[in-house]
Amino acid sequence: MSEECCSQTQKSLKANCPVNGNKGKRVPTITLKSLLKPRALETLNPESNYFFCDSMDCSVVYFNQQGQTFLTDEVKVPVFQKDRGGQVPVCYCFNWTRDRILQEIQQTNHSTAESSIRTHIQAGRCGCEVNNPQGSCCLANVRKEVRDK
Ligand SMILES: [Zn+2]
């Protein structure tokens, strides 16, 4: 059984960000259709493969191999990998923000985020490909966030 949702993402396909050279993972086009602001969406090439740059210090969120880029201010939501703010979701589907994760740990010395999200994934409720800018499952980010608290 796969523990990650959205496993249809072609994780093996990668390309380099035209701004900082970081290797970006392929994201489904539906992710861009869902999360780009209207003006940016008007320039989307649906035939193109888009990739996600996860570098904290690069403002490119999506790029393709023709050099087109979409920046953080062209995406409807703050991007976890590029914004250290407490209100930024780690899990976009069920709104586990950094602050919510931290608060629970401070109050109970324990995080239920991962088990709660996992339950929803198993019930088929997660929609990372349309909610999470990275276009794939948030669990690895949640685990890291809990570990780092
Ligand atoms: Zn980049």
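Which residues are buried in helix H3 (residues 98-108)? In this model, Arg98, Ile101, Glu104 and Ile105 are the buried ones, where buried means under 20% relative accessible area, exposed over 50% and partly exposed in between, with a 1.4 Å probe and protein chains only. Seen down the axis of H3, these buried residues fall within an arc of 140°, so they line one face of the helix, the arc being that of the directions from the helix axis to the C-beta atoms. On the other side of H3, Gln106 and Gln107 are exposed.

The model is predicted, so that local features need pLDDT of at least 70 and side-chain atom pairs count only at pLDDT 80 or more, while totals for chains, interfaces and linings use all residues. Residues are numbered from 1 along each chain as its sequence is written, and side-chain values use heavy atoms, with hydrogens and water left out.

The buried residues of H3 pack against strand E6 (89-91), strand E7 (96-97), helix H4 (113-122) and helix H6 (139-148), contact meaning heavy atoms within 4.5 Å. Helices (H or I, at least four residues) and strands (E, at least two) are DSSP runs, numbered from the N terminus. After H3 comes asparagine 109, whose phi is positive, near 65°.

Elsewhere in the chain there is a zinc ion, whose protein donors are Cys17 (SG), Asn20 (OD1), Cys53 (SG) and Cys58 (SG), lying 2.2 to 2.6 Å from it; donors are N, O and S atoms within 2.8 Å of the metal (3.2 Å for Na, K and Ca), and since water is not among the atoms, sites may look incomplete. Along the chain these donors follow the spacing C-x2-N-x32-C-x4-C. Cysteine 17 lies in the loop between strand E1 (14-16) and strand E2 (23-27), and cysteine 53 in the loop between strand E3 (50-52) and strand E4 (60-64), so the pair ties together parts that are 36 residues apart in sequence.

As for the cysteines, the structure holds zero disulfides, a disulfide being counted as a pair of cysteine sulfur atoms within 2.5 Å. The sulfur of cysteine 91 is 3.8 Å from the closest cysteine sulfur, in cysteine 138, and is therefore too far for a bond. Cysteine 93 is likewise in no disulfide, the nearest cysteine sulfur, that of cysteine 128, being 4.1 Å away.
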